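Let's walk through this one together, question by question. Have the sequence and the model open side by side.

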Amino acid sequence: MASTTEDAPATLPTPPVQVLYCEVCSFPLEYCEFGSSLTKCKEWLQEEDIDLFNRYYSEEALQTKLGTLSLEAQTKLEKDTAKKEAKAAAKADAALKKKMASQVTIKRIERNKRKHVTSVHGLEAFGVDLKKAAKQFAQKFATGASVTKNNQGQDEIVVQGDVSGEILEMIEEGAGVLKGIPVDNVVEVEDKKKKGGD
Amino acid sequence: MFKKFQPSTDISGQTSVKSSVQRSLRANVLAQWNINPETLEEFWPKKEPITLVKCREHISIYTLHGEPLFLQHYDGPMLPTLRLLHKYPFVLPKVGVDRGAIRFLLAGAPMMCPGLTSKGGYLPAADAAVPSGKAVAIFAEGKEHAAGIGITKTDTEEMKRVNKDVGVETMHYLGDDLWTLQKL
Ligand SMILES: [Zn+2]
């Protein structure tokens, strides 16, 4: 408001092009046909904007789209798309099954008589960025938390102190990056030092 | 380059960029892209600090408020992200591939000369030839928007003459993991 518009720069910025992206596959609408969800993309666009739908999928549009591609090549492309869609659906299904079957382990580990650390393993299966989660734990508990590899070479988060109960609560609440983890998939275990281990 | 890219394993660290380095980055972008300072200011305002996201294999991604703007492989040319290129398609010289090559491009394959020189393809005229090692926007036959960003492997005139092997190395394309990420 206070700035003077009188002495505007001689060269004006070029305004950005607004590209319409598909909400299903994220591609610009014209590229949906190369994605792995064309059927869903088309359904969505037909609902969303019938004019745009016709621009890309009417008989006429399909004719001109062929360009220099031969009919055989186009048929092959369509077959490929169908195959890709089936593959993507199977993959999504398998990923969901795997996710639902995977487990998050919160382990209370006794370091010595008075000191404990808490390790959290398996968050990445639920799409959690481990570094961000470690940071969230560190901030919440005002303690050290880091991503390290366990003996099996898998990443896990190690938090200083016994905070297993609190972490379970955070997962229940879906706090911060811990959103969307089913509590049923979380187990709490305890790792006590063997007697005379000191 | 981003066919498989996972932030948890492929990013080694994020640092804010010193203002002196920002200045030279800005100068590089202005020198290498077809863009005026006013337009650059629109998406990368001078007073906004950008962040360097260091990744494996010497990939540097520069982000503003978490949104990737441009990147560099070793000390190669500055490459806009595809989303940025969609907004400002004129910043890079244009090449085009025929419809047959699109699905290979979207699988991350390098672009072969015949796909660029065929009737559906496009290479700049001789007086606007692009030398080797430059960033180019990869457009596609019958499509309005770019589908990828690449680096020329040879001079574009050479591509027309030889017309075989790889013409453009694909660096970033629609549907790769950098496209999918959006925020870092
Ligand atoms: Zn789509």
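Q: Into which domains is chain A divided, and how far apart do their C-alpha centres lie?
A: Chain A splits into domain 1 (29–100) and domain 2 (102–191), with bounds taken from an automatic or database domain assignment. Their C-alpha centres lie apart by 41 Å.

Q: Before we go on, what kind of model is this?
A: Residues are numbered from 1 along each chain as its sequence is written, chains are lettered from A and ligands numbered from 1 in the order written, and side-chain values use heavy atoms, leaving out hydrogens and water. Local features need pLDDT of at least 70, side-chain atom pairs count only at pLDDT 80 or more, and totals for chains, interfaces and linings use all residues, since the model is predicted.

Q: Which residues of chain A does the UniProt annotation "domain: SUI1" cover?
A: The record is an unreviewed entry, and UniProt annotations, given in the numbering used here with shortened feature names, may be inferred rather than shown by experiment. In the model, the span is 31% helix and 33% strand, with its end C-alpha atoms 15 Å apart. Helices (H or I, at least four residues) and strands (E, at least two) are DSSP runs, numbered from the N terminus. The annotation covers residues 104–175.

Q: Which protein donors hold the zinc ion?
A: Donors are N, O and S atoms within 2.8 Å of the metal (3.2 Å for Na, K and Ca); water is not among the atoms, so sites may look incomplete. Here the donors follow the spacing C-x2-C-x6-C-x8-C along the chain. Lying 2.2 to 2.3 Å from the zinc, they are the SG atoms of A:Cys22, A:Cys25, A:Cys32 and A:Cys41.

Q: What arrangement do the four donor atoms make around the zinc ion?
A: Four donors count as tetrahedral if all angles lie between 85 and 135 degrees. The angles here are 107 to 113°, so the arrangement is tetrahedral.

Q: Is A:Cys41 buried or exposed?
A: Buried means under 20% relative accessible area, exposed over 50%, and partly exposed in between (1.4 Å probe, protein chains only). A:Cys41 has a relative accessible area of 1%, so this residue is buried.

Q: Which residues does B:Thr63 touch?
A: B:Thr63 sits in strand E3 (residues 59–64) of chain B. Counting heavy atoms within 4.5 Å as contact, and leaving out residues up to four places away in sequence, its partners are B:Ile50, B:Thr51, B:Val53, B:Pro68, B:Leu69 and B:Leu184.

Technical notes. Four donors count as tetrahedral if all angles lie between 85 and 135 degrees; four count as square planar and six as octahedral if opposite donors are over 155 degrees apart and all others between 65 and 115; anything else is irregular.
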